[in-house]
Amino acid sequence: MSEDIKVENPFHTARFKAPRKGKKPPKLLAIVHQSGCTGCEVCIAGCPVDSIELVPGPDPLNPGYQQMVEIDLSRCIGCQNCSQDCPWETITMYQHDDAFTAWGNETLSSELYVDEEKLEKL
Ligand code: SF4
Ligand code: SF4
């Protein structure tokens, strides 16, 4: 993972979705090990708060090829549906405080969180 500071991408459409309810953060957060993600979208269908987003593949003309997903940590409620549903067992639930380190280790490509340098270009 890059050492650059990651910030929420304010231009991603997820930022227009309803925020997570409740004052306390969830005990668990889901992290996708993107190296094992096939982009099958099974997890998206089962998320009750629509907090799983597609990351398009590298070819802008064929974004569905080599796509993967990532989870919006600011909206995940820790229900565990996705970790149970993923056919490739590539989503793991982490304790809230450990999830951000895990995100850094497991996230290869992100649309939701970007480094500050990239943000300036958006
Ligand atoms: S744990 Fe639940 S809320 Fe969080 S991303 Fe998975 S399905 Fe969505
Ligand atoms: S269900 Fe698993 S393999 Fe399919 S898109 Fe979600 S994380 Fe990736």
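A residue is called buried here if 20 or more other C-beta atoms lie within 10 Å of its own, and exposed if 12 or fewer do. The legends below use these words for a predicted model.

View 1. In α3, which spans residues 96-106, the residues Ala99, Trp103 and Glu106 are buried. These three cover an arc of only 85 degrees around the axis, which puts them on the same side of α3. An α-helix has 3.6 residues a turn, so residues three or four places apart point the same way. On the other side of α3, the residues Asp97, Asp98, Thr101 and Asn105 are exposed. As for what lies against the helix, the buried residues of α3 pack against β2 and against β5, the strand of residues 91-95.

**View 2. Strand β2 and its partner β5.** Strand β2, which runs from residue 28 to residue 32, is mostly covered, since 4 of its 5 residues are buried. The strands β2 and β5 run antiparallel and are joined by 5 bridges. Within this pairing, Ile31 stands opposite Thr92 of β5.

**View 3. The largest nonpolar core.** This core has 19 residues, and those with the most contacts inside it are Ala30, Ile31, Cys43, Val69, Ile71, Cys82 and Ile91. At least two residues of the core come from each of β2, β3, β4 and α3, and β2 gives the most, with 4 residues. In soluble globular proteins, nonpolar side chains tend to be buried together.

**View 4. The surroundings of ligand 1.** A shell of 14 residues surrounds ligand 1, and the closest of them are Cys47, Cys76, Cys79, Asn81 and Cys82. By class, this shell around ligand 1 divides into 9 nonpolar and 5 polar residues, with no charged residue in it.

**View 5. Two loop residues with positive phi.** Glu41, in the loop between β2 and α1 (42-46), has a phi near 75 degrees, which is a positive value in a residue other than glycine. Glu41 counts as exposed because it has 12 C-beta neighbours inside 10 Å. Gln66 lies in the loop between β3 (52-55) and β4 (68-71), and its phi, near 60 degrees, is likewise positive in a residue other than glycine. With 15 C-beta neighbours inside 10 Å, Gln66 counts as partly exposed.

**View 6. Asn9 and its contacts.** Asn9 lies in the loop between β1 (6-8) and β2, and it counts as partly exposed because it has 17 C-beta neighbours inside 10 Å. Not counting residues up to four places away in sequence, Asn9 touches Glu111, Leu112, Tyr113 and Val114. Asn9 and Gly78 are 69 residues apart along the chain, and their C-alpha atoms are separated by 21 Å.

Definitions and conventions. Residues are numbered from 1 along each chain as its sequence is written. Chains are lettered from A and ligands numbered from 1 in the order in which they are written. This is a predicted model: local features need pLDDT of at least 70, side-chain atom pairs count only at pLDDT 80 or more; totals for chains, interfaces and linings use all residues. A residue is near a molecule or strand if its C-beta atom, placed from the backbone, lies within 6 Å of it. Ala, Val, Leu, Ile, Met, Phe, Trp, Tyr, Cys and Pro count as nonpolar, Asp, Glu, Lys and Arg as charged, and the others, Gly among them, as polar. A nonpolar core is a set of buried Ala, Val, Leu, Ile, Met, Phe, Trp, Tyr and Cys residues joined through C-beta atoms within 7 Å. The arc is that of the directions from the helix axis to the C-beta atoms. Two residues are in contact if their C-beta atoms, placed from the backbone, lie within 7 Å. Two strands pair if DSSP finds at least two bridges between them.
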